[in-house]
Amino acid sequence: RALSSGYIAMHYKYVENVVELRRPYRQAHLQHWKQLVDSGHLLLAGAYDPADGALFIFNGVSKDTLERLAMSDPYHEAGLVKDVTTKDWKVVVGKDALC
């Protein structure tokens with residue numbers, strides 16, 4: 001697929017007790033996404049409160065690339081991620097709106 005011309009929202013659904021279970025994998029998980037942070041493609045990411053899932057906001061990356069990266073995330077490989085969804089996100093309000 002082509003690069004996204006807008007934003008992509010990616011959602012992780014976590015297993016129960018992920019806060020305790022993620023400790024051995026946390027640094028590797030953060031390092032896994034660092035290249036996209038450094039390149040400006042991963043704009044925001046973080047777990048919900050309570051930590052039943054997480055939200056990532058990307059720009060200028062294909063869904064195929066994101067889905068592949070999600071599958072190789074140390075959290076996913078350790079069985080901490082139950083489900084991953086990606087959706088195009090059309091921002092219509094805010095300083096970076098693409099409308």
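Me: How do E1 and E3 pair?

Reply: Strand E1 (residues 7-14) and strand E3 (residues 53-59) run antiparallel, joined over seven bridges. Strands here are DSSP runs of E with at least two residues, helices are runs of H or I with at least four, and both are numbered from the N terminus. Two strands count as paired if DSSP finds at least two bridges between them.

Me: What is the bridge partner of Ile8 in E3?

Reply: Ile8 has Phe58 as its bridge partner. Further along, Tyr12 stands opposite Ala54 of E3.

Me: Before I go on, what kind of model is this, and how is it numbered?

Reply: The model is predicted, so to speak of local features pLDDT must be at least 70, and side-chain atom pairs count only at pLDDT 80 or more, while totals for chains, interfaces and linings use all residues. Residues are numbered from 1 along each chain as its sequence is written, and side-chain values use heavy atoms, with hydrogens and water left out.

Me: Thanks. What is the strand order in the sheet?

Reply: The four strands form an open sheet in the order E2-E3-E1-E4, with antiparallel pairing. Strand E2 (42-47) and strand E4 (81-89) are at the edges with a single partner strand each, so one side of each has no neighbour in the sheet. On average, neighbouring strands are turned by 10° against each other, direction ignored.

Me: And what joins E2 to E3?

Reply: A hairpin does, through five residues. E2 and E3 pair in the antiparallel sense over five bridges, and Ala47 stands opposite Ala54 in E3.

Me: Is E3 mostly covered or open?

Reply: Mostly covered, with five of its seven residues buried. Buried means under 20% relative accessible area, exposed means over 50%, and partly exposed is in between (1.4 Å probe, protein chains only).

Me: Which strands does H2 lie across?

Reply: Helix H2 (residues 26-38) lies across E1, E2 and E3, at about 20° to E3. Helix H3 (residues 63-71) also packs on the sheet, where it touches E1, E3 and E4, and its direction makes about 165° with that of E4. Those angles run from 0 to 180 degrees between N-to-C directions, with axes fitted to C-alpha atoms, for helices over the stretch in contact.

Me: What about His29, buried or exposed?

Reply: His29, in helix H2, is buried, at 6% relative accessibility. Not counting residues up to four places away in sequence, His29 touches Tyr12, Phe56, Asp73, Pro74 and Tyr75. Contact means heavy atoms within 4.5 Å.

Me: Switching topic: where is Lys82, and is it buried or exposed?

Reply: Lys82 lies in strand E4 and is exposed, with a relative accessible area of 53%. Leaving aside neighbours within four places in sequence, Lys82 is in contact with Lys13, Tyr14 and Val15.

Me: How far is Lys82 from Glu16?

Reply: Their C-alpha atoms are separated by 9.7 Å, although Lys82 and Glu16 are 66 residues apart along the chain.
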